[in-house]
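These are my notebook entries on a structure that I had not opened before. I wrote them while looking things up one at a time, beginning with the chain as a whole.

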Amino acid sequence: AEGGFIRRINPWGGELHFSNLGLSAVQMGVLIAIWPLSSLLFEIPTGAIADIYGRKTSVLIGYILEGLAMLSFFIFKDYYLMLFSFAFLGFAQTFSSGSKEAWIVDLIKKKNNELMHSYFSKTFVLGNFGLIVSGLLGAFAVKSFGLSSIWIAAFFSFIISGLFLLFAGEHFAKRKVNISNSFKKIRSQIKESLKYSYSHHVLFYFLIATFVMVFALNFQTNLSWIPLLKELGMQEHQFGYLWTAISASVMLSQVLPMAISPKGRERKFIIFGIAISSAILIFVAFANNIFFAMGVLLLSNFFFFAVRPAERVYFHKFIPSKLRATIGSVESMLISIASIVSLPIAGAFIDKFGARYAILASVALMIPAVILYLRIREDLLVRGFL
């Protein structure tokens with residue numbers, strides 16, 4: 001699973017691995033924050049490169065490098081070497097973060113624009129079906145071979161995915177460029193994308209709301225859920241089964257957008273999903289056993305991820321094709337900044353006040369995101385007329 005708010009490595013196994021190495025929540029927060037910090041430094045340049053040289057090439061390079069990053073987590077146990085691994089992962093991810101969606105959306109628009117909604121719904125369903133299987137296999141692998149085996153599996157998953165994508169088509173006109181003017185074009189692409197995002201009424205509020213949501217979500221990530229569930233008695237290998245349950249819940253949630261046909265009503269659907277998901281998290285205050293806590297987690301994830309296909313369609317429908325990958329990288333850049341700031345803060349909050357209160361804090365932090373979505377007026381595409 002990738003893009004937006006879904007991390008590509010197995011988040012439960014990964015953070016369990018770092019916890020078992022003796023790291024505190026704030027240490028893990030700093031460690032993981034290096035990932036988006038590195039992405040921030042390279043995000044827009046690599047997105048612009050994809051717009052100039054081709055999205056497919058950029059994605060394939062990214063998958064190979066990300067696979068190598070996964071392998072380094074298996075090898076390195078020293079904290080400072082792991083900082084390097086996360087920095088390398090952040091760099092590698094920038095090659096595909098905005099490029100893959102741009103690659104796919106342009107293909108769909110070329111063939112049949114009506115397929116946009118169904119594509120994002122189906123890809124989330126298929127992706128989460130794979131995660132259901134991976135959770136079961138992961139539980140078996142962790143119980144049989146130890147927790148570090150997840151990194152070997154992650155390495156091969158990127159390599160195999162890259163091999164499949166070698167045969168995928170691409171609707172992209174290669175441009176003749178030379179090294180001397182490539183950087184001029186990149187700077188121009190970046191400037192145009194930033195100006196477009198800032199001046200566009202819908203994109204401006206959408207991107208700021210995304211920033212706020214990511215900040216809030218980092219208070220209810222696995223930095224919080226893992227210690228809470230371990231405190232309630234969950235065993236290490238059982239997190240694999242939980243990952244399967246979460247993936248099944250997310251896959252099921254993708255039926256909801258198709259059932260109520262949110263086409264043309266994406267913004268209202270996004271607001272509804274965020275509000276319900278956040279309200280459910282309030283019940284974590286009363287969770288005194290594993291099953292109740294899991295119920296809160298699964299229901300919250302169900303409603304939050306139900307809006308993902310609509311959210312991606314809503315984002316892309318306001319972006320011209322030539323800026324698609326770079327503006328996608330602008331979005332990823334804001335996500336990176338939000339994570340850089342919030343992850344160490346969330347880790348320190350967990351160490352001082354506990355995981356349960358961190359999850360509850362995320363509910364309050366999510367309110368401004370809902371307000372920002374409510375301020376969007378789709379009839380005003382140029383910001384400044386409110």
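I began with burial, and found that buried residues make up 55% of the 386 residues in the protein chain; buried means under 20% relative accessible area, exposed over 50% and partly exposed in between, with a 1.4 Å probe and protein chains only. I noted that this is a predicted model, in which local features need pLDDT of at least 70 and side-chain atom pairs count only at pLDDT 80 or more, while totals for chains, interfaces and linings use all residues. Residues are numbered from 1 along each chain as its sequence is written, and side-chain values use heavy atoms, with hydrogens and water left out.

Next I looked up the secondary structure, and the protein chain has 17 helices and zero strands; these are DSSP runs numbered from the N terminus, helices being H or I with at least four residues and strands E with at least two. I then turned to contacts, meaning heavy atoms within 4.5 Å. Of the contacts in the protein chain with a separation of 6 or more, 86% are between residues 24 or more positions apart.

I asked myself which residues have the most contacts inside the largest nonpolar core. They are Phe18, Trp225 and Tyr373, in a core of 90 residues, where a nonpolar core is a set of buried Ala, Val, Leu, Ile, Met, Phe, Trp, Tyr and Cys residues joined through side-chain atoms within 4.5 Å. Helix H9 (residues 201-217) gives the most to this core, with 10 residues. For Phe18, leaving aside neighbours within four places in sequence, I listed contacts with Leu23, Met28, Leu31, Phe73, Met82, Phe86 and Trp151.

I followed Tyr373 next, which sits in helix H17 (residues 355-374) and is buried, with a relative accessible area of 0%. Not counting residues up to four places away in sequence, Tyr373 touches Phe206, Ala209, Met213, Arg267, Ile270, Ile271, Ile274 and Glu311. Ala209 lies 164 residues from Tyr373 in sequence, yet their C-alpha atoms are 6.8 Å apart.

I then looked at how H17 packs against helix H10 (residues 222-231), and their axes are 8 Å apart at an angle of about 140 degrees; axes are lines fitted to C-alpha atoms, for helices over the stretch in contact, and angles run from 0 to 180 degrees between N-to-C directions. H10 and H17 are therefore oblique to each other, since angles under 35 degrees count as roughly parallel, over 145 as roughly antiparallel, 65 to 115 as roughly perpendicular and the rest as oblique. On the H10 side the contact is made by Ser224, Trp225, Pro227, Leu228 and Glu231, and on the H17 side by Ala355, Arg356, Ala358 and Ile359.

I compared this with helix H13 (residues 266-281) and helix H15 (residues 308-316), whose axes come within 9 Å and cross at roughly 140 degrees, which makes H13 oblique to H15. Here I recorded Glu266, Arg267, Phe269 and Ile270 of H13 in contact with Ala310, Glu311, Val313 and Tyr314 of H15.

Last, I looked up Ile319, found in the loop between H15 and helix H16 (324-353). Is Ile319 buried or exposed? Ile319 is buried, with a relative accessible area of 5%, and apart from neighbours within four places in sequence it is in contact with Tyr196, Leu203, Arg324 and Ile327.
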